[in-house]
Each structure stands twice: as C-alpha cells, then as structure tokens.
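Please open the model in your viewer and keep a selection panel at hand. The tour below goes from stop to stop, saying at each one what to select and what is found there.

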2 protein chains.
Amino acid sequence: MVALRVVSARRASRSEPVRPHVGIVTEKAALRGALDQARAAGRTVGLVPTMGALHDGHAALIRRAAAECDLVAVTVFVNPLQFDRPDDLAAYPKDLDGDLAVVAAAGARLVFAPTSTEMYGVGAQARVHVAGLADRLEGAARPGHFDGVATVCTKLFGIAGPCLAYFGEKDFQQVAVVRRLVHDLDLPVEVVACPTVRDGDGLALSSRNALLTPQERAAAPGLHRALRLGVAQVAAGERDPAVIAAAVAAALATEPALRPDRVDVVDADTLEAPGGHTVRMRILAAASLGRVRLIDNLGIDL
Amino acid sequence: MVALRVVSARRASRSEPVRPHVGIVTEKAALRGALDQARAAGRTVGLVPTMGALHDGHAALIRRAAAECDLVAVTVFVNPLQFDRPDDLAAYPKDLDGDLAVVAAAGARLVFAPTSTEMYGVGAQARVHVAGLADRLEGAARPGHFDGVATVCTKLFGIAGPCLAYFGEKDFQQVAVVRRLVHDLDLPVEVVACPTVRDGDGLALSSRNALLTPQERAAAPGLHRALRLGVAQVAAGERDPAVIAAAVAAALATEPALRPDRVDVVDADTLEAPGGHTVRMRILAAASLGRVRLIDNLGIDL
C-alpha cells in the first residue's frame with residue numbers, strides 16, 4: 001500500500017478551475033509503488049519531470065500527458081546535479097503551493113516532490129554521461145549540466161518504471177540528451193517532446209522568467225525576435241550556418257539589455273553542423289539579462 | 001507475443017542430466033516481452049548476466065536463481081565495452097552450444113544472446129560511470145573496464161525490468177560497482193552476490209581458465225594459495241594492510257610462472273583502505289600466466 005498525502009490546492013487566483021485533490025509523495029518507494037500498482041491494474045503512466053515553479057509551459061505538458069495516459073505523475077525536484085553555478089541553484093524559484101494548483105488544473109493527480117537527500121542519499125557515485133551530445137552547445141557553456149540532467153532522468157525513469165515521459169522543446173538539447181540516454185540504455189520509456197509555449201510577445205515560458213526585473217522582462221522577447229530573423233533567413237534560402245548565426249547574433253546585439261552568450265545553427269536530428277543530409281534545421285540561442293540566463297530555439301524544415 | 005527459438009542442448013558429456021529445451025532470444029524486444037509477460041502473470045524474474053563460456057561457477061548462479069525465481073533468463077554477451085585490450089576480447093572463449101547445456105542442466109529455460117549491433121546499435125553515446133569505485137583497484141589496472149560493465153548492466157536491467165540479478169563474488173569489485181549503480185540510479189533490481197566456485201585445487205572457476213596451457217593451469221592455484229596466506233595472517237591478528245599485501249605478494253612470487261600484477265587489502269564494504277570501522281576485510285589479487293590475466297579474492301570477518 002502506498003501512503004499519499006492529499007493536499008488541497010490553495011491558489012485560487014488562476015483562471016483554470018482548480019480541482020481539489022493532488023496526492024504528494026516524497027519518497028521514491030511510494031512513487032514506485034503507486035505507479036507499479038497503476039500498471040498492474042492495466043493503466044498507462046505518464047511522467048512529467050520538472051524543477052517546479054510551474055508555468056503554462058509545464059501545464060501544457062501535463063495536459064498532454066493527462067490526455068494520453070491514465071495516470072500522470074509530475075515530479076518537482078530542483079536537481080542540484082545539473083546546476084553549474086551555486087548562485088543559479090540558490091536563486092532558482094520555488095513555489096510548491098502554486099505548483100499543486102497548476103498540476104490540479106492541468107489534470108494530474110500525483111506529485112513526486114522528494115528532498116535532495118531522498119533522491120541522492122549520501123555518497124552517490126553513479127553518473128550517466130551522453131558522450132559528445134552532452135559536451136557541445138549548452139553542454140560546453142555549462143560543464144556537467146547534461147550529466148546532471150541525464151543522471152536525474154535515469155533515476156526518475158528507474159523509480160517510475162515503464163512510462164511516457166514529457167519534455168518541452170524549449171530545452172531542445174535536453175530533449176535530445178534524454179532521448180539518447182533512453183535509447184542507449186534501453187530504458188522502457190517513450191520520450192514525448194512538446195512545443196515551446198510562449199507569452200504573447202514571443203518570450204518562451206521559463207521558470208527563470210520570474211527572476212527578471214520589469215525592464216529585463218521588456219527586453220527578453222529580443223531573444224525570440226532574433227531567432228525568428230534567423231528562421232526568416234533560412235526560409236529565404238540561406239543555408240550557411242555561419243551567416244545565419246551571425247545574423248541572429250547581430251539581431252541580439254540590437255537589444256542593449258541582452259548579453260548574447262551563444263548562437264548555434266545545427267541539424268535538428270543530430271545537433272551537429274548542418275549538411276547536405278539535413279532536413280530540419282534548428283537555431284539555438286542563449287543570452288543573459290542581468291543575472292538571469294535565458295535559452296530559446298526555433299526550428300525550420302528545409 | 002514473443003517468438004522464442006527453441007534449441008535442444010546438444011552436449012551430452014556433462015555429468016548433470018541435460019534437460020532438452022532452452023529458448024534463445026537474440027532481440028532486446030523479445031527478452032523484454034517475455035519477462036514483462038511473466039511478471040504480468042505474477043511470476044518473479046531472475047537475471048544471470050554472463051559473457052558465456054559458462055562453467056560451474058555460472059551454473060551455481062543459475063541454480064540459485066532458479067531456486068529463488070519463477071523465470072530465469074541467462075544473458076550471454078561478450079561485452080566489447082568492458083575490454084581494455086583488443087587481444088583479450090578476441091581471445092575470449094565462446095561456446096554457445098556448451099552454454100545451452102549448462103543453462104538447461106542448471107534449471108533455466110531462457111537465454112538472451114544478442115549481437116553487439118543489437119545491444120549497442122550504431123553510435124551509442126550514453127555511458128554509466130561509478131565515480132571513485134570504478135577507477136580504483138581493477139579499474140586502475142583496466143581503464144574503462146567498469147564503465148563498460150556499468151553501462152551494459154544498466155542496459156540489461158533496462159531491458160529485463162524488475163528482477164533479481166545474480167553475480168559471482170570472484171569479480172568482487174564488479175559486484176560492488178553493480179550494487180552501487182543499482183542503488184544510485186534507483187533501478188528496480190536486487191543484486192544477489194554468490195560465493196566463488198573453485199576447482200579442487202583452489203583455482204577460482206573462470207572462463208579464462210580455458211585459455212591456460214597445462215603448465216599454466218598447474219601454476220594457477222598459486223593465486224588462491226597466496227590469498228589464503230593473507231587471510232591466515234589476518235586470522236592471526238595482523239591488521240596492517242601493507243604487511244598483509246606484502247605477504248601475499250611474496251607468496252605469489254614463489255610460483256615462477258605467475259606474474260603478480262596487484263594485491264589489494266581493503267574494507268569489504270567500501271573497497272577503501274581498512275580502518276577502525278572495518279568489520280569485513282577483503283584481499284584481492286591479480287596475476288598473469290602467459291597471456292592470461294586471472295583475478296581472485298578472499299574475505300575474512302574481523
């Protein structure tokens with residue numbers, strides 16, 4: 001038997017109707033037990049791994065999971081292993097009450113919110129590394145980041161068991177890393193990538209947006225505008241990744257508050273330099289606003 | 001439905017009665033399907049990962065698994081990822097017909113014997129690394145070896161699903177690495193370590209023993225004798241690991257055909273240097289005979 005703490009979602013300010021009961025489990029054995037029990041009863045399981053501070057992008061993942069699976073578990077865990085900067089980890093927004101309201105409204109009933117000690121114990125030594133893919137692009141900018149992502153996802157999949165797992169394309173390289181580890185380690189998981197959700201002005205939803213000052217928030221859509229300019233160049237026939245990247249970087253530079261960090265133009269399937277075989281291109285960019293680093297990406301079929 | 005190729009075990013020269021039917025699957029999906037089906041029917045699954053060339057040590061693992069589990073799958077896969085020397089991989093003995101006879105006689109009905117392409121496909125990038133534990137002792141002598149072990153075991157566990165997994169203590173550090181990755185990655189597997197099986201003269205059974213010349217085979221029990229001498233020293237009150245290791249190394253040196261490679265005296269639970277907290281000590285040694293490198297170990301409770 002699995003003990004669930006049933007919590008009423010308290011936030012009433014959201015526009016969606018808040019459904020009252022979401023079970024929270026904080027122990028790995030309880031999550032595994034609940035999902036094993038569901039599968040034994042013939043129900044399919046959806047997993048939505050998150051770091052909390054849930055927004056409408058997460059809600060879209062949860063709604064899709066709820067539409068496609070019988071039981072959806074949302075994990076809320078700020079994974080220290082994937083942060084390369086202690087200040088970034090310390091500043092990462094947390095709002096479990098708000099998260100419960102989002103989960104309930106989006107149609108899920110189960111939240112897994114473990115402590116770091118529960119997840120890693122003392123002296124954990126095993127790490128999952130996706131060679132090549134984890135070291136390039138964002139991985140080059142944030143050493144160890146994707147090892148942290150790969151390791152925590154392998155753990156979550158190990159706890160959850162066979163499931164569909166939902167990830168947002170805002171973190172495009174993360175989706176590729178997770179797909180790769182699921183494939184390479186033969187995990188019984190189907191990875192489902194979902195389109196990025198954006199505010200009306202184009203800014204990709206991100207938990208980190210909550211850390212922006214009003215001035216920074218006003219400048220932030222420049223990241224998406226620059227990516228759209230890159231896509232327009234590809235649509236107009238440009239194929240040279242260096243030319244496209246330079247155009248995106250130049251567009252980023254027109255927004256004084258944005259400090260461009262990196263622009264990458266890659267084959268969407270390999271995340272390597274596009275070539276004659278490329279059928280889908282992806283443009284990825286990262287830029288900082290004050291202490292907040294944002295990433296975004298857009299794709300185009302050739 | 002899972003297609004099994006049913007093969008009659010052909011070797012009749014073994015002393016155990018050969019039971020006739022062992023199903024062989026060569027595809028990951030077929031193994032997963034068979035074991036999922038068994039679990040869905042309420043049966044427990046035992047997994048015995050091997051590199052084939054099965055001997056009585058493997059038979060002991062299979063018999064124990066058959067005694068404790070409803071369905072036992074024996075995997076036969078010479079894992080290229082865990083070989084640090086191409087000549088060692090090329091020379092590794094293979095005998096699938098003999099393996100089937102051992103499996104049948106020991107009471108298992110299912111063998112998973114994939115090709116390397118089936119296991120790894122093309123361009124596999126994900127690796128599992130057990131930091132610290134994988135880099136010391138045998139890991140220092142064989143760079144990458146335990147990453148290969150950890151990666152293939154994670155894959156086999158991913159394919160097999162929830163199970164008990166049986167390993168021999170002859171590969172003592174391997175058992176520790178596998179236990180660690182199962183714990184750290186939250187895999188739904190219970191690792192069962194089984195005592196080393198020895199020939200009458202003390203030589204630990206190993207698939208590599210088949211590669212020894214008669215002269216080398218005659219010298220090989222010197223490895224076990226040296227370890228016993230170390231254990232006798234501990235039993236007599238010696239606690240200094242350097243003194244114990246030196247005595248084992250000196251004993252190895254008395255057998256001219258044996259080229260001692262390493263002797264390690266460690267805490268059996270941490271595989272680190274023994275200290276005041278140590279309750280179980282383990283002495284591990286490696287030595288070469290011609291082109292064949294053998295390992296062995298013995299434990300003693302303090």
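## Two domains of chain A

The C-alpha centres of domain 1 of chain A and domain 2 of chain A lie 26 Å apart. This is a predicted model, in which local features need pLDDT of at least 70 and side-chain atom pairs count only at pLDDT 80 or more, whereas totals for chains, interfaces and linings use all residues. Residues are numbered from 1 along each chain as its sequence is written, while chains are lettered from A and ligands numbered from 1 in the order in which they are written.

To see the two domains, select residues 5-194 of chain A for domain 1 and 207-301 of chain A for domain 2; such bounds come from an automatic or database domain assignment. Where they touch, 14 residues from domain 1 of chain A meet 13 residues from domain 2 of chain A, two residues being in contact if their C-beta atoms, placed from the backbone, lie within 7 Å. On the domain 1 side of this contact, α6 (138-141) and α8 (172-184) of chain A each supply at least two residues, and the largest share, 3 residues, comes from α8(A). Helices (H or I, at least four residues) and strands (E, at least two) are DSSP runs, numbered from the N terminus. By class, the domain 1 side that touches domain 2 of chain A has 9 nonpolar, 2 polar and 3 charged residues, where Ala, Val, Leu, Ile, Met, Phe, Trp, Tyr, Cys and Pro count as nonpolar, Asp, Glu, Lys and Arg as charged, and the others, Gly among them, as polar.

## A helix pair in chain A

Next, select residues 56-68 and 96-106 of chain A, which are helices α2 and α4, packed at an angle of about 35 degrees with their axes 8 Å apart. Axes are lines fitted to C-alpha atoms, for helices over the stretch in contact, and angles run from 0 to 180 degrees between N-to-C directions. Show the side chains of H58(A), A59(A), I62(A), R63(A) and A66(A) in α2(A), which meet V102(A), V103(A), A105(A) and A106(A) in α4(A). The residues of this contact between α2(A) and α4(A) comprise 7 nonpolar, 1 polar and 1 charged.

## The sheet of chain A

Now move to the open sheet of 3 strands in chain A, whose order is β9-β10-β11 and whose pairing is antiparallel; two strands pair if DSSP finds at least two bridges between them. Its edge strands are β9 (259-267) and β11 (292-301) of chain A, each of which pairs on one side only. Neighbouring strands of this sheet are turned by 15 degrees against each other on average, direction ignored. Strand β10 (residues 280-289) of chain A is joined to β11(A) by 10 bridges, and A287(A) has L294(A) in β11(A) as its bridge partner.

## Where the chains meet

Select both chains: 24 residues of chain A are in contact with 23 residues of chain B. On the side of chain A that touches chain B, α1 (28-40), β6 (126-130), α7 (145-160) and α8 of chain A each supply at least two residues, with the largest share, 5 residues, coming from β6(A). That side of chain A divides into 11 nonpolar, 6 polar and 7 charged residues. Zoom in on β6(A) and strand β6 (residues 126-130) of chain B, which run antiparallel and are joined by 5 bridges. Here V128(A) has V128(B) as its bridge partner.

## Chain B: sheet and helices

Finally, chain B holds an open sheet of 3 strands in the order β9-β10-β11, with antiparallel pairing. Its β9 (259-267) and β11 (292-301) stand at the edges with a single partner strand each, so one side of each is left without a neighbour in the sheet. Strand β9(B) and strand β10 (residues 280-289) of chain B share 8 bridges, and in β10(B) the bridge partner of D267(B) is M281(B). Helix α10(B) packs on the sheet, touching β10 and β11 of chain B, with a direction about 20 degrees from that of β11(B), while α11(B) lies across β9 and β10 of chain B at about 155 degrees to β9(B).
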